[in-house]
Amino acid sequence: MAVGTAVGWREGLDAGDLSSEALVRSAFDRIKRLDGQLCAILATDEDQSLRLARKADARLRAGERSPVLGLPIVIKDNLNWTGLPVSCGSRIQEGYRAPYNATVVERLIAAGAVPLAKANMDEFAMGSSGEYSAFKPTRNPWDTSLVPGGSSSGSVVAVSAGYAPFSLGSDTGGSVRLPAGFCGVTALRPTYGALSRYGLTAMASSLDQVGPIATTAADIALALQVMAGRDPMDSTSTDLPRQDGLVPLRPRNLKGLRIGLPTEYFADGLESGSRSLLEAALQVFADQGAEIRNVSLPHTRYAIDTYYLLCTSEVSSNLSRFDGVRYGHRAGAPSLPDMIAETRDQGLGPEVKRRILLGTFCLSKGYYDAFYQKAMKARTLIARDFERAFESVDILATPVSPGPAFPFGAKTNDPLAMYLADVFTVTAPLAGLPCLSMPAGLCGGLPVGIQLIGPAFSDVMLLETAHAFQSLTSHHLETPPLSA
Ligand code: GLN
């Protein structure tokens with residue numbers, strides 16, 4: 001049994017039928033009961049959360065109304081929440097605590113949301129399964145022998161298992177959408193720049209975005225409304241058009257909506273059970289008068305290579321700051337170079353090391369043109385594919401992943417197999433486009449997601465379209481059979 005929707009709780013809080021303090025207390029009870037098994041949470045500060053909840057209750061009693069006032073939220077452990085650890089799922093950050101709030105966290109707290117916990121994640125957000133956390137792997141609430149997906153594993157499980165009505169993750173190449181698909185929740189990767197990255201530990205800066213996760217698109221809209229908008233602390237941030245249209249979110253009229261199916265995404269490699277669910281979901285749109293047509297994104301086949309060349313290049317640069325001098329863990333060693341090398345060797349896991357090595361190679365003299373430069377050119381071609389497609393359709397619909405959640409260990413011995421799990425989620429970020437994953441039904445008892453991709457800054461339209469689908473279906477209300 002999940003907590004229900006944020007919109008539902010919003011009404012209860014506004015009507016005085018619920019209190020934020022009671023919600024937060026029951027959330028902690030649930031975490032204590034379930035998280036020994038699910039391992040979604042890395043840190044909490046119950047006293048602070050309860051204090052914030054009581055403050056929200058006072059604001060509610062004084063008649064204040066705002067989208068997230070009094071609602072609990074779980075935060076991925078690469079986003080700063082002042083005073084709490086920001087481990088990024090890594091041992092190298094051991095002992096480091098956030099000195100300031102990320103802008104998105106600051107805005108949520110100012111609007112009265114109550115942060116509950118820091119969520120487990122793949123180390124430095126590198127991973128697709130949740131297995132690369134340096135501390136413990138998060139488990140899928142639908143079947144604990146399966147991965148929840150990554151890298152925002154804990155954030156997604158926190159919503160799926162009903163700890164909180166929403167959470168924040170980050171999405172560089174799929175990290176909110178892939179786990180949302182595996183765990184049956186809804187997640188948005190906003191247009192690049194729509195949410196500030198200030199206070200988000202950088203992985204690949206040209207791709208990183210904060211992504212809200214919730215049960216429904218309407219719930220996501222509540223959180224997005226208070227977080228979006230330009231932030232002077234992030235020069236890549238900008239205002240979100242139609243931000244006022246987020247609350248209350250209205251379902252988009254589907255009549256005449258032109259939905260493009262990229263043929264490249266529906267070729268071999270998509271499991272048949274997932275394909276049938278996608279077809280059924282598309283029929284829901286078609287029954288409402290949407291026009292479904294095939295489109296081509298011909299450079300899709302270069303997306304995984306392009307993403308992993310650019311991502312690792314940026315990783316090799318961004319992660320050089322974790323050197324034992326400024327943050328977290330420091331190894332004892334006779335000289336500064338030894339100390340740096342030892343700290344990084346002890347503190348970083350194998351996947352992070354692999355990416356730093358790959359990225360350093362891509363950027364090194366003699367290889368830069370062949371790898372980094374070429375990948376940048378491919379990125380432009382991929383972005384042009386989308387531009388062309390959006391000349392004839394309003395939105396694209398695709399699978400989120402080739403199949404449902406897989407067992408622990410299935411891909412950890414083969415990095416390439418793990419990278420291929422991202423085949424449907426890395427393209428839109430390369431073009432900076434907003435995209436969303438939402439439940440399309442169950443296959444063999446496991447959730448399968450459908451992805452919607454829109455033109456840049458169509459985030460509100462994307463949510464309205466998802467909301468229309470969720471008003472007509474109930475897949476998003478299915479909850480995992482948790483053993484208490
Ligand atoms: N799975 C992808 C990767 O490992 C995406 C990660 C992310 O979006 N943070 O790079």
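This is a predicted model: local features need pLDDT of at least 70, side-chain atom pairs count only at pLDDT 80 or more; totals for chains, interfaces and linings use all residues.
Trainee: Let's start with the ligand. How many residues surround the ligand, and which are the closest?

Mentor: Begin with the list of neighbours. Here 15 residues surround the ligand. The closest are T172, G173, S175, Y307 and R355.

Trainee: Which side-chain or backbone atoms lie at polar distance from the ligand?

Mentor: Look for N and O atoms within 3.5 Å. An N or O atom in the side chain of S128 is 2.9 Å from a ligand nitrogen. G173 uses its backbone: a polar atom there is 2.7 Å from a ligand oxygen. D422 places a polar side-chain atom 2.9 Å from a nitrogen of the ligand. Then check the cover. Alone, the ligand exposes 290 Å², and the protein buries 99% of that.

Trainee: Now salt bridges. What is the general idea?

Mentor: Side chains of opposite charge can pair when their charged atoms come close. The structure holds 18 salt bridges.

Trainee: Where do E21 and R25 sit relative to each other?

Mentor: Both are in helix α2, residues 20–38. They are four residues apart, so about one helical turn separates them. R25 is partly exposed, at a relative accessible area of 43%.

Trainee: Which parts of the chain does the salt bridge between R258 and D394 tie together?

Mentor: Start with the pair itself. The side chains of R258 and D394 meet at 2.9 Å, N to O. R258 lies in strand β7 (residues 258–262), and D394 lies in the loop between α12 and β9 (395–399), so the bridge ties together parts 136 residues apart in sequence.

Trainee: Are R258 and D394 buried or partly exposed?

Mentor: The cut-off for buried is under 20% relative accessible area. D394 has 19% relative accessibility, so D394 counts as buried. R258 has 25%, so R258 counts as partly exposed.

Trainee: What about E291 and R293?

Mentor: Their side chains form a salt bridge at 2.7 Å, N to O. E291 is partly exposed, at 36% relative accessibility. R293 is also partly exposed, at 31%.

Trainee: Which residues are linked in a network of salt bridges?

Mentor: Follow shared partners. R10, D14 and R65 are linked in such a network.

Trainee: How do I read a charged residue without a salt bridge?

Mentor: Check burial, then the distance to opposite charge. R379 is buried yet has no salt bridge. The nearest side chain of opposite charge, E314, is 4.5 Å away. A salt bridge needs a nitrogen of Lys or Arg within 4 Å of a carboxyl oxygen.

Trainee: Where is R379, and what does its side chain contact?

Mentor: R379 is in helix α12, residues 369–389. Its side chain makes a polar contact with the side chain of S206, at 2.9 Å. Beyond its neighbours up to four places away in sequence, R379 touches S206, L207, T306, L310, E314, P429 and L430.

Trainee: And R354: which helix holds it, and how accessible is it?

Mentor: R354 is in helix α11, residues 350–363. Its relative accessibility is 29%, so R354 counts as partly exposed. Leaving aside neighbours within four places in sequence, R354 is in contact with Y132, P415 and Y419. From R354 to S364 is ten residues in sequence and 15 Å in space, C-alpha to C-alpha.

Trainee: On to the backbone. Which residues does a cis peptide bond join?

Mentor: Read omega. S151 is in the loop between β3 (114–119) and α5 (153–160). Another joins V247 and P248, with omega about -5 degrees. P248 is in the loop between α7 (217–227) and β7.

Trainee: Which residues other than glycine have a positive phi?

Mentor: Read phi, then check the residue type. C88 is not a glycine, yet its phi is about 55 degrees. C88 lies in the loop between β2 (72–76) and α4 (103–110). F124 also has a positive phi, near 50 degrees. F124 is in the loop between β3 and α5.

Trainee: Are C88 and F124 buried or exposed?

Mentor: C88 has 0% relative accessibility, so C88 counts as buried. F124 is buried too, with a relative accessible area of 3%.

Key:
Residues are numbered from 1 along each chain as its sequence is written. Side-chain values use heavy atoms; hydrogens and water are left out. Helices (H or I, at least four residues) and strands (E, at least two) are DSSP runs, numbered from the N terminus. Buried means under 20% relative accessible area, exposed over 50%, partly exposed in between (1.4 Å probe, protein chains only). Lys and Arg count as positive and Asp and Glu as negative; His and the chain ends are not counted. A polar contact is a pair of N or O atoms within 3.5 Å; within protein, one must be able to donate a hydrogen and the other to accept it, and residues adjacent in sequence count only if both atoms are side-chain atoms. Contact means heavy atoms within 4.5 Å. A residue is near a molecule or strand if one of its heavy atoms lies within 4 Å of it. Accessible areas come from the Shrake-Rupley method with a 1.4 Å probe; for residues, only the protein chains shown count as cover.
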